[in-house]
Amino acid sequence: MTAVPADVTVRQWIADFVAETLRTETLEQIVDRLDLAIVRRVPELADRDMRRDLEASTRAHALAVLSSLTQDTLDYPVPPEAHAFARTIARRGHDLRLLLRVYHVGQEAVLEYMTEVLQDRQFPPDTERATLLRLFDRSTRWISTSVEALTGTYMEERERGLRAALNQRTEIVRALLAGEDLDADQATTRLGYRLSQRHVACVLWTDENPAGVLAVPEGDPVPYAPGESEALGLLERVAARLAGAVGNGGVLTVPSGAAALWAWIGVDGDASLDRLPASVEAPVRIAVGAPADRIAGFRRSHREAVAARHVAERATRAVPRLLSYPEVEVAYLAGADEAAMRALIERELGALARRDANAARLRETLHAYLRCHRSPDAAAKKLGVHKNTVRYRIQRVEEALGHPVEQRSLRLEIALDCVAIYGV
């Protein structure tokens with residue numbers, strides 16, 4: 001029997017591997033593994049927006065490299081998502097060495113994964129060695145091409161950021177949030193935003209990451225990604241509208257990702273989140289902290305906005321596109337321990353924690369009743385039903401619970417707050 005040439009075996013195995021890996025589920029598992037390996041070695045990327053841009057870049061790279069593995073071409077086009085990630089690193093004020101470290105760690109993670117896959121297949125040593133050499137050669141060329149192209153992108157964005165003073169703004173904001181002792185008057189002058197006032201912090205982001213690089217407009221000396229610029233431009237406009245609705249004219253914005261923005265709105269002493277718009281149009285989402293004073297309030301309101309975003313992204317049920325921290329504070333604090341929160345829901349709601357429509361209707365009624373200070377009239381108006389319907393349902397609730405609502409009303413409301421966000 002004629003032996004199959006090693007080169008043919010290698011090519012056939014790579015073709016089969018590519019076909020298998022391009023399946024959505026397998027590809028996502030590999031992207032998650034690579035990103036986790038990178039974040040462990042480069043903890044600066046653990047930030048939510050940095051992690052999201054890294055994920056988009058990794059997925060796009062994986063698709064590009066896999067598609068070319070079965071071909072003889074050594075041309076590896078750098079995807080738009082990778083350029084967007086390089087710009088984010090520059091905008092956040094990180095050194096170029098961080099970008100280079102990401103790609104070298106990524107190459108190590110890829111080769112580690114491929115070695116494990118090959119060992120599982122138990123190839124003859126010669127075939128395994130030939131396959132690894134081919135993959136190492138391809139990955140080295142991919143890294144070289146990517147680093148060269150993205151270094152240019154990083155430097156262009158870094159230079160533009162410096163010219164526009166964005167980097168300066170970002171550094172000041174980062175220092176303020178880190179609790180560094182800055183001169184408030186000097187920081188106010190450099191930011192163009194008064195730190196001694198009352199603030200409402202917002203985190204704005206979009207449902208999806210924009211992708212794609214279009215032609216550079218004539219007369220613009222620096223290449224840019226219009227997909228990113230359009231997303232950030234949209235968020236800037238939304239932040240300006242929010243400032244007009246609740247603020248006194250002062251607003252500070254800092255990009256935190258390719259499609260994410262941090263904002264602070266200066267407000268008067270009697271400002272209330274009740275002035276926020278009732279809804280926000282897709283694809284924008286907004287998380288808002290409570291009003292707070294001076295530099296300490298600048299930090300606290302931002303922490304609360306980040307916490308509200310955390311709730312929005314963990315929610316298993318539909319939540320409003322504009323979410324304020326006071327509305328979800330209980331759910332955020334209770335949700336910090338998933339197992340304890342689920343035990344609370346089960347213990348307090350009992351039969352009301354079932355998934356059927358009747359239990360859901362009773363939960364909704366009880367939640368409205370408690371939030372309306374136990375007023376059947378107010379709850380009926382909120383629910384759009386007759387007040388006698390509310391009274392009847394509350395009787396049913398108490399039968400299901402086995403005790404009067406008043407007996408454990410606070411714990412019931414906490415459990416219902418959690419269910420409203422995380423489901424049963």
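**Exercise 1. In this predicted model, how many residues lie between strand 2 and strand 3 in the hairpin they form?**

Solution. Strand 2 and strand 3 make a hairpin, and 2 residues sit between them.
- Start with the ranges: strand 2 covers residues 251-257, and strand 3 covers residues 260-267.
- Next, look at how they pair: the two strands run antiparallel, with 6 bridges.

**Exercise 2. In which sense do strand 1 and strand 3 pair?**

Solution. Let's take strand 1, residues 198-206.
- Strand 1 pairs with strand 3 in the antiparallel sense, over 8 bridges.

**Exercise 3. Which residues point each way from strand 3, and are they buried or exposed?**

Solution. Sort the residues by direction first.
- One way point Ala260, Trp262, Trp264 and Gly266.
- The other way point Leu261, Ala263, Ile265 and Val267.
- Now check burial, where buried means under 20% relative accessible area: all of these residues are buried.
- With 8 of its 8 residues buried, strand 3 is therefore largely enclosed by the rest of the structure.

**Exercise 4. Why is helix 4 described as largely enclosed?**

Solution. Find helix 4 at residues 80-91.
- Its 12 residues reach 16 Å from the first C-alpha to the last, close to the expected 16 Å.
- Count the buried ones: 10 of the 12, so the rest of the structure largely encloses helix 4.
- Among them are Phe85, Arg87 and Ile89.
- After the helix comes Gly93, with a positive phi near 80 degrees.

Terms used: Residues are numbered from 1 along each chain as its sequence is written. This is a predicted model: local features need pLDDT of at least 70, side-chain atom pairs count only at pLDDT 80 or more; totals for chains, interfaces and linings use all residues. Side-chain values use heavy atoms; hydrogens and water are left out. Helices (H or I, at least four residues) and strands (E, at least two) are DSSP runs, numbered from the N terminus. The expected span of a helix is 1.5 Å times one less than its number of residues. Buried means under 20% relative accessible area, exposed over 50%, partly exposed in between (1.4 Å probe, protein chains only). Two strands pair if DSSP finds at least two bridges between them.
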